[in-house]
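Visitor: I would like a close look at a single part of this protein. Please start with the whole chain, then take me in.

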Amino acid sequence: MAKDYYGILGVSREATDDEIKRAYRKLARQYHPDVNPDPEAHDKFKEINAAYEVLSDDQKRQIVDLGGDPLAPGGGMPGGAGGAGPFVGFQDIMDAFFGTAAGGGSRGPRPRTRPGADAILRLELDLVETAFGVEAPITVDTAVLCTQCSGAGTAPGTHLSTCEVCSGRGEVQSVQRTFLGQVVSSRPCQNCQGHGTVIPSPCPTCAGDGRIRTRRSLTVKIPAGVEDGMRIRLAQQGEVGPGGGTAGDLYVEIHERPHDVYSRKGDDLHCRVTLPMTAAALGTRMTIKTLDGEENIEVKPGTQPASTLRIRGKGVPHLRGQGRGELFVHLDVKTPTKLTADQERMLREFAKTRGEDVAELSKQGGFFSRMRDAFNGH
């Protein structure tokens, strides 16, 4: 028995197209699953869509008026004309209102040639190299232009062919009937992936991609004063894009190896030097090795533990601008742990000349041990 499509929409058999459209629109809003959580609403919604799909088509409506059911198996339609499937998708409603393809608009084929991605490479350098700059050789493993096909992706002597499915448009269209009327929506062609062309004979070297992966050697110029974590940009030395597209950029990330003497804070350098107690008391001259060579520094008499000497202009060159950072020498004064009898006697006599009660200090743990603890921060 044929379905009563007029009764489903609640209209008479003499209803006009506008009356059918208004009835459908009212019922679709009432029973759409996105607004009506009732489980039965889903089936009702499909039934409403089927009724509208039939009654909005002149040929299918004629079959209904003659007592047939155009959606029933074997129901058939005059002239063998086929119909679009039921309109049930909420996304199709959105496409009808806002879709770029609504009304038959075309986005066109998607280009095969696309820009490549950026690449990043880690480069380890010594302190001297980051301080004064260096031209460092690097090895890069990226996609490059296929020399066999020059990015076309086709085998020698062959060319791209127009896609037979979409006729070169890169998309296929489907027609749906909604309460808004007939809506034409477009989707990327699956046969050509939206390009509008196919590669009948792919390049044997790159398999149609227009690029291959290879390892190559470059030289990167590291400016003086770079710091750990900074990146050097090499324009268009990254990944070549599909179809031989413009290469992305290559970023070389600097990682500074720890130095066995100096630690770095910005453009300043720091080091620690152990100084005998006598040298700290009497003063001395000492030679230290800087990044530039040897440097003579003077330790004044009476220098205290944890003192710091500053040497101007012996740090790291400023990356942007003139001048350099500074070198800070932190002094660790070392006290003797073992004394000969003569050394102890001379120190006791020295203490007496300064009015120091060595005997009293000895009762409290020993003068030299107390002095050592004081120097070591205990």
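What percentage of the contacts in the protein chain with a separation of 6 or more is accounted for by residues 24 or more positions apart? And what does the stretch around helix α3 look like up close?

Guide: This is a predicted model. Start with the chain. Residues 24 or more positions apart account for 64% of its contacts with a separation of 6 or more. The chain has 10 helices and 15 strands. It holds 378 residues, and 37% of them are buried.

Now helix α3. It covers residues 39-55, which is 17 residues. From first C-alpha to last it reaches 26 Å. D38 caps the N-terminal end of α3. One of its side-chain oxygens lies 3.1 Å from the backbone nitrogen of E40.

Next, burial. In α3, A41, F45 and I48 are among the buried residues. So is the run N49, A50, A51, Y52, E53, V54 and L55. Three of these buried residues, E53, V54 and L55, also meet another helix: they touch K60, R61 and V64 in α4. Helix α4 spans residues 58-65. The axes of α3 and α4 come within 6 Å and cross at roughly 100°. Angles of 65 to 115 degrees count as roughly perpendicular, and α3 and α4 therefore stand roughly perpendicular to each other.

In α2, I20, A23, Y24, L27 and A28 are buried. Seen down the axis of α2, its buried residues fall within an arc of 130°, so they line one face of the helix. On the other side of α2, R22, K26 and R29 are exposed.

One last stop, in a strand. E253 lies in β9, which covers residues 250-256. Buried means under 20% relative accessible area. E253 has 18%, so it counts as buried. Which residues does E253 contact, leaving aside its neighbours within four places in sequence? There are I120, L121, R122 and L123, and also G229, M230 and R231.

Note on methods: Residues numbered from 1 in each chain as written. Predicted model: local features only at pLDDT ≥ 70, side-chain atom pairs only at ≥ 80, totals over all residues. Heavy atoms only, no water. Helix = DSSP H or I, 4+ residues; strand = E, 2+ residues; numbered from the N terminus. Expected span 1.5 Å × (residues − 1). Buried < 20%, exposed > 50% of the residue type's maximum accessible area, 1.4 Å probe, protein only. Polar contact = N/O pair within 3.5 Å; in protein donor to acceptor, adjacent residues only side chain to side chain. Arc of directions from axis to C-beta. Axes fitted to C-alpha atoms, helices over the stretch in contact; angles between N-to-C directions. Parallel < 35°, antiparallel > 145°, perpendicular 65-115°, else oblique. Contact = heavy atoms within 4.5 Å.
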